Amino acid sequence: QQLSMEGKDVDMEEEIKKQAVVEDAGIEYTAQEELKEIPAEDLEAFTTGITERLASEDWKEQFYSIDDLRRLFKHHPTEFKKNLPNYETHIGNGVDNLRSSICKNSLTLVAEVFSTEKDLTEVDESGEPTPYAKFTNEILLTVSKRVAD
């Protein structure tokens, strides 16, 4: 069945198939209050596993590893901060990802990080940039480029 929309013929069956593909993707966005706790005894393996999964070629794996970063930030912010240098490039790549679900989930993480009170000191005792200072500089550049495109 053909339908004309804005001067273009649209195949309704094709549109329904496209919608089914989107629905079959099977991803779900998780609200911040629904992010599950990470047991302390699993924390080390959990943080290591996130880095590996962020680099995956499987976009769903990337999507859910961003959720895991959100869980880590919410429940173990000190551990998140400690490991942030391992994650920041992947988060920036997620924000810049053309797959909208990964981009949206990455931006959700960034919003959660920036909306939570924390020490944003730019340098530590030795004069080195802190993880949050480096992350802030990198992610703001990525987000601003993304918005400009």
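Before you start, note that the model is predicted: local features need pLDDT of at least 70, side-chain atom pairs count only at pLDDT 80 or more, and totals for chains, interfaces and linings use all residues. Residues are numbered from 1 along each chain as its sequence is written, and side-chain values use heavy atoms, leaving out hydrogens and water.

Select Leu-69, Leu-72, Phe-80 and Ile-91 to begin. These have the most contacts inside the largest nonpolar core, which has 22 residues. Such a core is a set of buried Ala, Val, Leu, Ile, Met, Phe, Trp, Tyr and Cys residues joined through side-chain atoms within 4.5 Å; buried means under 20% relative accessible area with a 1.4 Å probe, protein chains only. At least two core residues come from each of helix 2 (43-54), helix 3 (59-75), helix 4 (77-95), helix 5 (100-114) and helix 6 (131-148). Helices here are DSSP runs (H or I, at least four residues), numbered from the N terminus.

Now centre on Ile-91. Among the residues Ile-91 touches are Leu-69, Leu-84, Phe-135 and Ile-139, contact being heavy atoms within 4.5 Å.

Next, show helix 4 with helix 5. Their axes (lines fitted to C-alpha atoms over the stretch in contact, angles running from 0 to 180 degrees between N-to-C directions) come within 9 Å and cross at roughly 140 degrees. Helix 4 supplies Phe-80, Ile-91, Gly-94 and Val-95 to the contact, while helix 5 brings residues including Ile-102, Cys-103 and Ser-106.

Finally, pick Gln-62 in helix 3. Gln-62 counts as buried because its relative accessibility is 17%. Its contacts include Arg-53, Glu-57, Asn-97 and Ile-102.

Terms used: Buried means under 20% relative accessible area, exposed over 50%, partly exposed in between (1.4 Å probe, protein chains only). Lists of a residue's contacts leave out its neighbours within four places in sequence.
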